[in-house]
Amino acid sequence: MQVYVSASAVRSGCGSKDAPFKTINEAAQIAEPGDEVLVAPGIYREYVCPAHAGTEKDRIVYRSIEPLAAVITGAEQIKKWDLFDGDTWLARIPNGLFGEYNPYIETLRGDWYLQLWPAHTGEVYLNGRSMYEVASLKEVLNPQILRKSWDPEGTKYQWFTEQEDGVTLIYANFRGIDPNQENVEINVRRNCFYPDRSGVDYITVSGFTIRQAATQWAPPTAYQDGMIGPRWSKGWVIEDCEISDSKCSGISLGKYLQPDNENKWSTGFIKDGAQNERDAICLALIEGWTKENIGSHIVRRCNIHDCGQAGIVGHLGGVFSTIEDNHIHHINNKQDINGAENAGIKMHAAIDVVFRRNHIHHCTRGLWLDWQAQGTRVTGNLFHDNTPPDGTEITMELAIGEDLFIEVSHGPTLVDNNLLLSDVACRLSTQGLAFVHNLIAGSFTFVGEGVDSGGKRFTNMRYTPYHLPHRTEILGFMSILHGDTRFYNNIFLQKPIRPLLTEGAKKLGLDRISAMNFACGTFPYDGYPDEESYLAQFAAESFMSLDGRDKYYDHLPMYFGGNVYCNGAKPSDGDEDACTIQQDIELSLTESDGAPVLKTNLYEYLRPSSTGIISTALLGQAFEPEQRFEKPDGTAIVFDTDYLGAHREVLPLAGPFAASPGDTALF
């Protein structure tokens with residue numbers, strides 16, 4: 001059955017084509033498996049809460065009839081502003097507007113949240129662009145530039161809120177603009193399209209604009225919400241949508257509410273956050289976290305931007321999913337929401353998740369894979385400009401971002417056919433990796449560090465779980481030893497190192513090779529063993545020897561072949577067949593008709609790799625889970641197809657392209 005919705009209907013009807021519903025949520029209450037909800041262009045200021053689940057065979061589909069013309073927003077217009085003082089105006093909003101959730105009373109909070117004052121989940125938007133909340137009216141009256149932001153001049157548009165006798169007061173400095181003549185909105189709803197219970201499976205949301213919700217901070221040890229998401233269900237498809245301006249996260253593929261383990265670190269203070277996370281994972285298994293019940297979502301062809309915490313967030317609930325062909329950009333650039341969960345995509349437990357053909361740029365971090373990146377594949381993505389621009393103030397809250405952060409996972413995590421073009425390519429506080437056919441123009445940071453819980457006196461390594469292959473059931477827990485990493489047929493290219501980064505690292509006390517390193521290449525792995533020397537320690541005659549058991553806790557072996565180093569990029573001492581190009585290599589990313597194009601003379605000097613075609617058979621298996629670098633269905637991979645889908649020769653070129661890409665658009 002087709003159900004029709006039109007915001008322009010004179011009054012709400014029965015959902016037929018001739019008598020459509022006026023709101024999407026009316027349709028969401030009656031849509032059954034196999035139904036399609038067709039939504040006409042218009043602005044829908046409502047919370048859509050689908051009442052029924054679809055089935056694997058008969059999904060429930062919500063579709064914007066005209067792509068992106070049906071807008072679901074969590075905001076309301078404020079049309080009555082009184083001039084208060086200078087450029088500052090005042091709006092008085094009766095609290096009845098907000099119901100049970102007032103974003104101007106509700107403060108951001110939760111584990112790993114680092115804000116130093118009680119910011120709110122509310123937001124003020126001037127002509128669709130969010131302004132900056134500050135801690136006092138005095139600041140609004142005399143706004144100063146906030147140097148942490150990636151848009152310093154924009155930070156002068158500031159607002160402050162307080163309560164007075166059941167009324168929300170919002171003071172906003174519009175910098176000489178009359179808000180009564182412009183479109184000024186405030187977010188009033190926590191979510192835009194989100195079930196109020198778990199188990200609402202097999203929903204498709206296609207072609208909508210979704211924006212401006214008052215979402216809460218979403219750490220892995222809490223209930224994680226977003227403007228849109230499946231809320232601990234299975235089989236959702238979110239496609240062809242524009243998703244923007246969430247206070248915290250745009251899409252959540254995240255964790256359900258565990259009342260006895262909700263932000264326990266920042267409320268109970270006794271157990272460390274990592275221990276609470278281990279508890280959350282084990283409890284989820286007890287309560288039904290299985291491949292049969294949870295995950296297997298698809299997020300594709302979405303434009304996700306201008307969210308405060310993350311474009312996509314998730315812990316546990318995103319397993320077995322595919323995130324592909326998305327444009328994710330300008331995430332957390334305001335730097336008014338700080339903590340350890342900020343990224344274009346922040347996923348914990350991305351078990352068998354495939355991230356492919358995404359364009360991720362101008363985020364304070366690109367893709368952050370935290371814990372249990374087991375069976376995870378990052379392939380065919382374009383990353384760039386995911387480190388702070390010149391002029392930004394580097395602080396401990398911001399630190400220095402990167403394209404890809406893989407943290408305390410045992411793997412196998414496969415990174416292939418990507419362009420990693422930011423100043424910092426990867427933060428690698430982890431093991432069990434394979435890098436194959438990438439172009440890497442940034443550095444590796446935190447190799448050999450960043451895997452403890454930050455204690456000063458006692459050993460406090462983070463023991464993280466690993467799982468049965470292609471399942472959620474836990475096989476064991478272990479600390480991170482580092483190494484167990486393969487680099488095959490990659491190109492490393494050193495770019496000029498910006499003083500902003502080196503001075504920022506020095507300011508933070510992190511200017512060392514094993515922390516904030518800005519030199520490109522695999523040399524941070526100098527001194528790590530190869531497989532032969534590593535295995536030689538475990539001969540039968542040395543079992544239970546008197547020399548102790550340190551060999552079981554030393555760095556794991558490294559594997560190299562077919563890598564190319566340019567412009568002074570440095571190979572590891574274990575990369576014995578490294579190829580160094582002596583000529584100066586030019587590399588830049590330009591635009592043609594709005595699409596990114598790579599400009600380089602690299603292919604004048606690049607020669608076929610003697611290592612040949614790489615495959616699962618060569619890569620072997622990650623040490624701890626004893627799982628191969630393979631597809632989610634357990635079949636092998638042969639890396640004979642490049643970034644653009646072209647077939648590689650038997651002796652291929654290193655890097656993501658089988659031949660020079662010329663002026664071909666990369667995305």
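User: What does Phe444 touch in this predicted model, leaving out residues up to four places away in sequence?

Analyst: In this predicted model, Phe444 touches Ala425, Cys426, Leu428, Phe487, Phe492, Asn517, Ala519, Gly521, Thr522, Pro524 and Tyr525, with residues up to four places away not counted. A contact here means heavy atoms within 4.5 Å.

User: Why is Phe444 called buried?

Analyst: Its relative accessibility is 0%. Buried means under 20%, so Phe444 counts as buried. Phe444 is also among the five residues that touch the most other members of the largest nonpolar core, together with Tyr62, Phe208, Phe355 and Leu369. That core has 73 residues. Apart from it lies another core, of 20 residues, including Leu493, Ile581, Leu606 and Phe657.

User: What makes the rings of Phe444 and Phe487 a pair, and why is the pair called stacked?

Analyst: Two rings pair if their centres lie within 6.5 Å, and the centres of Phe444 and Phe487 are 5.7 Å apart. Planes under 30 degrees apart count as stacked; the planes of these two rings are at 25°, so the pair is stacked. The pair links distant parts of the chain, since Phe444 is in strand S37 (residues 443-445) and Phe487 in strand S40 (residues 483-488), 43 residues apart. Phe487 is buried as well, because its relative accessible area is 0% and the cut-off is under 20%.

User: Which residues form one aromatic cluster with Phe444 and Phe487?

Analyst: The cluster holds Phe435, Phe444, Phe487, Phe492, Tyr525, Tyr528, Phe560 and Tyr565. Across the whole structure, a search finds 24 aromatic pairs.

User: Why is the pair of Phe538 and Tyr552 called tilted?

Analyst: The centres of Phe538 and Tyr552 are 5.4 Å apart and the angle between the planes is 55°. Under 30 degrees would be stacked and over 60 edge-to-face, so an angle between these limits counts as tilted. Both residues lie in the loop between H6 and strand S42 (558-561), so the pair ties together parts that are 14 residues apart in sequence.

User: How do you know whether Phe538 and Tyr552 are buried, partly exposed or exposed?

Analyst: Phe538 has 28% relative accessibility and Tyr552 has 35%. Buried needs under 20% and exposed over 50%, with partly exposed in between. Phe538 therefore counts as partly exposed, and so does Tyr552.

User: Where does Gly521 lie, and why is Gly521 called buried or exposed?

Analyst: Gly521 lies in the loop between helix H5 (499-508) and helix H6 (531-535). At 2% relative accessibility, Gly521 counts as buried, because the limit is 20%. Leaving aside neighbours within four places in sequence, Gly521 is in contact with Phe444, Phe492, Tyr565 and Lys570.

User: What makes Glu576 buried or exposed?

Analyst: Glu576 has a relative accessible area of 74%, and over 50% means exposed; Glu576 is therefore exposed. Glu576 lies in the loop between strand S43 (564-566) and strand S44 (579-581).

User: What stands out in the backbone of Val408 and His470?

Analyst: Most residues other than glycine have a negative phi. Val408 has a positive phi of about 40°, and His470 one of about 65°. Val408 lies in the loop between S31 and S32, and His470 in the loop between strand S38 (464-467) and strand S39 (474-478). Val408, at 0% relative accessibility, counts as buried; His470, at 12%, is buried too.

User: What kind of peptide bond joins Gly411 and Pro412, and what is its omega?

Analyst: The bond is cis, with omega about 0°. Pro412 lies in the loop between S31 and strand S32 (413-416).

User: Which residues are closest to the centre of the largest pocket, and which element gives the most to its lining?

Analyst: The closest to the centre, of 40 lining residues, are Trp112, Ala340, Glu407, Arg427 and Arg462. H4 gives the most to the lining, with three residues. The largest pocket has a volume of about 1200 Å³, and its lining has 15 nonpolar, twelve polar and 13 charged residues.

Methods. Residues are numbered from 1 along each chain as its sequence is written. This is a predicted model: local features need pLDDT of at least 70, side-chain atom pairs count only at pLDDT 80 or more; totals for chains, interfaces and linings use all residues. Side-chain values use heavy atoms; hydrogens and water are left out. A nonpolar core is a set of buried Ala, Val, Leu, Ile, Met, Phe, Trp, Tyr and Cys residues joined through side-chain atoms within 4.5 Å. Buried means under 20% relative accessible area, exposed over 50%, partly exposed in between (1.4 Å probe, protein chains only). On a 1 Å grid over the protein atoms alone, a cavity is a set of points where a 1.4 Å probe fits but cannot get out, and a pocket is an open set with protein on both sides within 12 Å along at least five of seven lines; lining residues have an atom within 4 Å of a point. Grid points are joined across faces, edges and corners, and a volume is the space filled by probe spheres set on the points. Helices (H or I, at least four residues) and strands (E, at least two) are DSSP runs, numbered from the N terminus. Ala, Val, Leu, Ile, Met, Phe, Trp, Tyr, Cys and Pro count as nonpolar, Asp, Glu, Lys and Arg as charged, and the others, Gly among them, as polar. Rings of Phe, Tyr and Trp (its six-membered ring) pair if their centres lie within 6.5 Å; planes under 30 degrees apart count as stacked, over 60 as edge-to-face and the rest as tilted.
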